[in-house]
Amino acid sequence: MPVDPGAPPATERPSVRLAVNQWKYLSATEPHPRMHVILSVQVTGTGGDRRTPLLAQVLVVDCSGSMSQEKMHAAQRATAAAIRKLPDGTPFAVVRGDGDATVVYPDTGGTARADDHSRRAAERAVRRLVAGGTTCIGAWLDLSRRLLAEQDAPIGHVLLLTDGKNQDGDRMPLAEVLEGCAGRFVCDAWGIGDGWDGRELLRITSRLHGSASAVREEASLPAAYEELMDRLLAKTVPRLDVLVTPMTGTVVRYLKQVHPTEAWLHPEGGAHRFVTRAWGDETRRYQLCLDVDPAGRPRHEDLQLAVVALDAPDVTGLLLPQPQPCEVHWTEDASLSAHTDAHVVHFEQHQQLGEAVAAATDAHRRGQPDRAAEYLGRAVQIAEAMGARTLLRRLSELVDPGAPAGPVRLRPGVTTPDFEHLITASSRSTFGPPSAGATAVPQLTTAARTTCADCARPAPATARFCPSCGHRFPEQRP
């Protein structure tokens, strides 16, 4: 077996664990049954200290005309802080984003290697940035893809900051750009100011294996960038693949990351090979949905539906776990089939919470504060059932519960950016010991619902975007 010179000593070999949580009993009489399984993947022992740089970094700074002097100064300080974190030898570039995309460092285009000289020169280039122009996030991502395609670093990363929404969609359609970038690099996106779109950022980061965040105070951005870079530089496993092998009669419906952030995974390199990117010492959880058919299958015994395995292409010295089965036990006993695994319940509740927040945001945009408050009240109910204390605090900043018998109301002064911050916050899920006898919160019933054509998940009929995967619905929808 080849030895990676940058790998940790054999006594400290990193390892991966895989756990499967499911309730195996399904009704043999109900039509179209589905099995939901939570996969927990844990990586330990990576160390985070390599002699060979693993990272190639592109820093994108929104320089559109809407960037005020305060926001530009915050962006410059934050970008400089991130540059100072880059280890020697790291390929990197700084991109100015407006109606187009331009490499401002190095001034020859392409990328530079981090050292004392290049870091200082890059900081000087960042300090010279001025605001002007429009916002074309598609162009920024496309240039980042071309820059990172020239590098052989195992982990390509884009750190993107914007205060606005994507424009020039006809010239550079964001959906097409994301398809071209998917699998090429990881993107973390940050919103600043009051003009960015939370669901647009989630659409980008979900497709590109990253996370979306925002700052309320410009002065807090440099520290947030430093913290993100610390986490990023601790990632030493570039890629883990989840392989799902279905048995005859089983169909893989979807695989979705549900913790720590939500992201739909798309098969790459095979019908049921799902690629995940950039791991350090961490745990992620995924929801696997299988369509199953009880016809002709034995009753009253455990049957194998699928096998889940992990693979780490081109990563040496990583101890992988044994494949794990997903099982079903067909039964006519309604008391058995009525239950659901507590882990599945928890993340289904989180899905419903995201739907409620998305519906509240749409209602607020339509000038319907009472309907927005109604949906936020629903989100509070779900967050309380989940024990999501951090999100409950965020929700309490927007709603006034009013009298015990009265309706929930929006607090005075709530603005559109408050909802955008809530959208990004609600994309980060909680996880803890499941409560005994957990039950799902009933689905939203105050509005008509539809099904997303991309991910097949339910969504409020009035939503402009799917709350699960960010797919944009046609404008003529009611």
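Trainee: How are residues numbered, and what pLDDT do local features need?
Mentor: Residues are numbered from 1 along each chain as its sequence is written, and side-chain values use heavy atoms, with hydrogens and water left out. In this predicted model totals for chains, interfaces and linings use all residues, side-chain atom pairs count only at pLDDT 80 or more, and local features need pLDDT of at least 70.

Trainee: What percentage of the 478 residues count as buried?
Mentor: The protein has 11 helices and 21 strands. These are DSSP runs, numbered from the N terminus: helices are H or I with at least four residues, strands E with at least two. Buried means under 20% relative accessible area, exposed over 50%, partly exposed in between, with a 1.4 Å probe and protein chains only. The buried share of the protein is 53%.

Trainee: Which strands stand at the edges of the open sheet of 5 strands?
Mentor: The order is β2-β17-β16-β11-β14, with mixed pairing. Two strands pair if DSSP finds at least two bridges between them. Each edge strand has a single partner strand, so one side is left without a neighbour in the sheet. The edge strands are β2 (25–27) and β14.

Trainee: At roughly what angle do the axes of α3 and α4 cross?
Mentor: Axes are lines fitted to C-alpha atoms, for helices over the stretch in contact, with angles from 0 to 180 degrees between N-to-C directions. Under 35 degrees counts as roughly parallel, over 145 as roughly antiparallel, 65 to 115 as roughly perpendicular and the rest as oblique. α3 and α4 are therefore roughly parallel. Helix α3 (residues 137–149) and helix α4 (residues 174–181) have axes that come within 9 Å and cross at roughly 20°.

Trainee: Where is Trp196, and is Trp196 buried or exposed?
Mentor: Trp196 is in the loop between β9 (186–191) and α5 (198–207). Contact means heavy atoms within 4.5 Å; residues that Trp196 touches include Thr162, Leu201, Glu420 and His421, not counting those up to four places away in sequence. Its C-alpha atom is separated by 5.3 Å from that of Lys165, 31 residues apart along the chain. With a relative accessible area of 2%, Trp196 is buried.

Trainee: Is Ala278, with its positive phi, buried or exposed?
Mentor: Most residues other than glycine have a negative phi. Ala278 has phi near 55° and is in strand β14. His32 also has a positive phi, of about 55°, but is exposed at 76% relative accessible area. Ala278 has a relative accessible area of 4% and is buried.

Trainee: Which peptide bond is cis with omega near 10°?
Mentor: Most peptide bonds are trans. The bond from Tyr105 to Pro106 is cis, with omega near 0°. Pro260 lies in the loop between β12 (250–259) and β13 (263–264). The cis bond with omega near 10° runs from His259 to Pro260.
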